[in-house]
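Student: I have a model open here and would like to go through it with you. Could we start with one of the helices and see what surrounds it?

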Amino acid sequence: MLAVLSACTGSVPTDTQTGEQAVRAPTVTPETADSATPADTDQAEPEPSTPAATTLPQPSATHAPPLPVPAPVGAQTLEWRSCGEAECAQLEVPLDHQDPSGDTLQLAVMRIAATSPDPLGSLIVNPGGPGGSGINFLPAFAPMAPETLRARFDLVSWDPRGVGQSSGLECNANPADELNAVADTRDGIRAEIDAAVQQSTELGEACLASEPDLLAHVGTWASARDLDLLRAALGQERLHYLGYSYGTRLGTVYATLFPETVERMVLDGAFPPGLSSTELALKAADLEAVLKRIDHVCDLEASCRVANPGLLATYNELLSTASVGPSDTSLGLSNRAAVIGATLLATYVPPTWETYADALHLAANGDYTGVHDLAKRWYGDGSGNFDSIFRGANTAIMCADDAYAATLSQTTVDAEAALQASPVLGEALFGSTCSGWPVLGKPLPPIDTDGSAEVLVIGGRYDPATPLRWAERLATELHDASLLRYLGDGHTAFARGNECVDSAVVHYLLGGSPPRDGAACAPASGTL
């Protein structure tokens, strides 16, 4: 039994992280950034009421004692080689930053050169996860990035430690088997909680057997120090950074450790470091609210093929009747697991809404091809295989950060909270736990970015994965930050076709001021 969505919400495969079917962003200039408008200009269509879980209790802060500052590691010179239309290199980093003279790791780095002859430097981009591959992400991101940004910056990304080509963890040999056994709580949750803990234990043991030295050093604290070594190796005195979803957590930790080296930082789809495991579990309500929103839009569209009996009713019926055995599709998902994966993709990526509604209609009539196609985009890595997130990297990093519940009692509290707040999608997000994990997690340090340049935080009004309240919270916790609200749908906002968001971000990254705190950008539309 496996929770099919990572707690930090960036588990969406990299080709959908910024919206695979999004309209290409327009060419913008810094002067157009004032198109960010006050929040009261929102003209979105009516939506169903938001669940009560949109207001959450604040966690009691428990932090590990501060770690000693490691000795500085000398700057490297990256040796670039051609890799398709990009350039690739290896960055050597300490396995344990507390022992910089000890064993090392090789991190895979990719660069797509600026199109102008006088670039400003490098913009380092992290796609989220945790466990998202920057090497897979960057070629998909670059064509969607605004032309002005591509002209003035080399776009750089990397596979963080434990991910993809950077000693990627391969702990889960059969992700389909566990996804097919996603929780079914109709007979009670006790057995499902026990199964979640057993799964965490077995996955952790497999990770430990695969990478015994690395497993204790895959957390965000270590990756933030890797990011600083990457900055230095690129010849940048100060950091220009764009982080999506989990990448915002990584950026925040970086700004805490190295505040004076931050030049420009965009945190899109905020995932604050201080969230409790219960707050992560209650995020299921935000996903369910978006599913209800899709259902509402479907009801208004004559072309929506499941308007009667309704998208939500169709999903519920399929979840209770779809087969749970492996299929002969390329990923081997059951029909039930495919319905869940297709649904999660739809909540993240608005351009898939019509395709999703059609796929549910066909599945209700016995043809599951459409939901399997969508689920493959959710779970896959673009090559027909499972994304590395589902092979252990996501859980290993979350457990290293002490983000999931680490005890059976807390796992039970979190599971019950998710099911109460989200009776429809709660099962799909059931059981994220580090109970039984073999390596003790290290809570991240309190946010302290005093000395950092002003940071731009972006939050989406209907973001199902990193809800707006998280962005509001992070913007408050950072020493100096401006919050830009996107009033539309989908997970993250930049480079997904909204000219207002894109122009504001580009203006800021090119050296201008961020939009005024609390500014908002309206969506173009939200219909099927």
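Tutor: The buried residues of α16 pack against α7 (246-257), β8 (262-268), α8 (277-282), α9 (284-300), β9 and β10 (481-489), where contact means heavy atoms within 4.5 Å. Helices (H or I, at least four residues) and strands (E, at least two) are DSSP runs, numbered from the N terminus.

Student: Before we go on, what kind of model is this, and how are the residues numbered?

Tutor: This is a predicted model, in which local features need pLDDT of at least 70 and side-chain atom pairs count only at pLDDT 80 or more, while totals for chains, interfaces and linings use all residues. Residues are numbered from 1 along each chain as its sequence is written, and side-chain values use heavy atoms, with hydrogens and water left out.

Student: Back to α16 then: how many of its residues are buried?

Tutor: In helix α16 (residues 468-477), 7 of the 10 residues are buried, so the helix is largely enclosed by the rest of the structure. Buried means under 20% relative accessible area, exposed over 50%, and partly exposed in between (1.4 Å probe, protein chains only).

Student: Which ones are they?

Tutor: The buried residues of α16 are L468, R469, W470, A471, R473, L474 and A475.

Student: Changing topic, how many disulfides are there?

Tutor: The structure holds 5 disulfides, a disulfide being a pair of cysteine sulfur atoms within 2.5 Å. With bonded cysteines counted along the chain, their pattern is 1-2, 3-4, 5-6, 7-8, 9-10.

Student: Where does the one at C399 go?

Tutor: C399 is joined by a disulfide to C434, at 2.0 Å from S to S, and the link is left-handed, with -100° about the S-S bond. This pair links distant parts of the chain, since C399 lies in helix α14 (residues 393-400) and C434 in the loop between α15 (408-421) and β9 (455-462), 35 residues apart.

Student: And are those two cysteines buried or exposed?

Tutor: C399 is buried, with a relative accessible area of 3%, and C434 is buried as well, at 7%.

Student: What about the link of C83 and C88, is it right-handed or left-handed?

Tutor: The link of C83 and C88 is right-handed, with 85° about the S-S bond, and the sulfur atoms are 2.0 Å apart. C83 is partly exposed, with a relative accessible area of 22%, whereas C88 is buried, at 8%.

Student: Next, how do α12 and α13 pack?

Tutor: Helix α12 (residues 353-364) and helix α13 (residues 369-379) pack at an angle of about 135°, with their axes 7 Å apart; axes are lines fitted to C-alpha atoms, for helices over the stretch in contact, and angles run from 0 to 180 degrees between N-to-C directions. The two helices are therefore oblique to each other, given that angles under 35 degrees count as roughly parallel, over 145 as roughly antiparallel, 65 to 115 as roughly perpendicular and the rest as oblique.

Student: Which residues make the contact?

Tutor: The contact is made by T355, Y356, A359, L360 and A363 of α12 together with G370, V371 and L374 of α13.
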